[in-house]
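Hello,

Here is the structure you were to receive. My notes on what turned up follow below it.

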Amino acid sequence: MALDTICPHCKKKVILSYKIVNPYLYGSKIRKCPKCGGEIFDNRWREVAIQGFDPVQDTEVKYSSWFGFGLIASALMLMRMDPAKLPFGSPTMFRVGIWFLFILGGIILIIFFRHIFGFVKRKNAKYMAESIQRMKDPDYVNKLRSKGIKIPEKYTIT
């Protein structure tokens with residue numbers, strides 16, 4: 001995955017990769033242009049020491065468990081039906097649909113188990129540690145403040 005933006009220094013289109021492992025864009029709001037080396041302020045990124053983690057991430061656990069288990073249970077129930085007696089579609093498409101439910105349910109359950117086994121919590125702890133380290137730099141804090149970001153007092157350096 002990638003984000004594109006225009007560099008204010010060289011006026012070229014810059015594509016910044018954030019990869020699928022960081023879909024909530026946790027990281028520095030100040031990026032570096034790979035073409036000219038200038039700084040780009042990108043407010044799409046979330047500085048977790050200031051803004052915290054995305055609350056949507058907490059709902060993943062609850063909804064992914066019910067939805068994933070529901071899809072697999074539906075697929076298991078549909079497997080018991082005789083596709084030849086169905087009023088719609090072909091038996092082959094019916095079987096493909098069952099496998100689709102199994103695969104989709106499995107993918108959703110992987111998201112659920114990533115939360116249960118602490119993978120997400122460990123990844124978030126890493127993002128928080130990196131963010132706190134950036135917030136210790138007075139130049140970085142002043143750059144954020146100059147862009148209108150409200151900085152908590154604990155990161156205000158006097």
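Leaving aside neighbours within four places in sequence, which residues is Ile149 in contact with? They are Lys29, Phe41, Asn43, Ile50 and Leu144, where contact means heavy atoms within 4.5 Å.

Before the rest, some notes on the source. This is a predicted model, in which local features need pLDDT of at least 70 and side-chain atom pairs count only at pLDDT 80 or more, while totals for chains, interfaces and linings use all residues. Residues are numbered from 1 along each chain as its sequence is written, and side-chain values use heavy atoms, with hydrogens and water left out.

Overall layout

The protein has five helices and four strands (DSSP runs, H or I of at least four residues for helices and E of at least two for strands, numbered from the N terminus). Along the sequence the pattern is β-β-β-β-α-α-α-α-α. Of the 158 residues, 32% are buried (under 20% relative accessible area; exposed is over 50% and partly exposed is in between, with a 1.4 Å probe and protein chains only). Among contacts with a separation of 6 or more, 51% are between residues 24 or more positions apart. The accessible surface is about 10,700 Å², and carbon and sulfur atoms account for 64% of that (Shrake-Rupley method, 1.4 Å probe; for residues, only the protein chains shown count as cover).

Cores

The largest nonpolar core consists of nine residues: Ile30, Ala49, Met135, Tyr140, Val141, Leu144, Ile149, Ile151 and Tyr155. Helix H5 (residues 138-146) contributes the most to this core, with three residues. There is also a second, separate core of six residues, including Leu71, Ala75, Ile98 and Leu101. A core here is a set of buried Ala, Val, Leu, Ile, Met, Phe, Trp, Tyr and Cys residues joined through side-chain atoms within 4.5 Å.

Ile50 is in helix H1 (residues 48-51). Not counting residues up to four places away in sequence, Ile50 touches Met135, Leu144, Ile149, Lys150, Ile151 and Pro152.

Helix H3 (residues 91-116) has 26 residues and spans 37 Å from its first C-alpha to its last, close to the expected 38 Å (1.5 Å times one less than the number of residues). Its buried residues are Phe94, Ile98, Leu101, Gly105, Ile108, Leu109, Phe112 and His115. Gly118 follows H3 and has a positive phi, near 85°.

Phe113 is also in H3, but counts as partly exposed because its relative accessibility is 34%. Phe69, Phe113, Ile116, Phe117 and Phe119 form a nonpolar surface patch with about 520 Å² of accessible area together. Such a patch takes residues with over 30% relative accessible area and no salt bridge, with nonpolar side chains (Val, Leu, Ile, Met, Phe, Trp, Tyr) joined within 5 Å and like charges within 9 Å; a salt bridge is a side-chain nitrogen of Lys or Arg within 4 Å of a carboxyl oxygen of Asp or Glu.

Most residues other than glycine have a negative phi. Lys11 has a positive phi of about 60° and is in the loop between strand E1 (2-6) and strand E2 (13-17). Lys11 counts as exposed because its relative accessibility is 60%. Leu25 has a positive phi near 55° and is in the loop between E2 and strand E3 (30-32). Leu25 is buried, with a relative accessible area of 10%.

Regards
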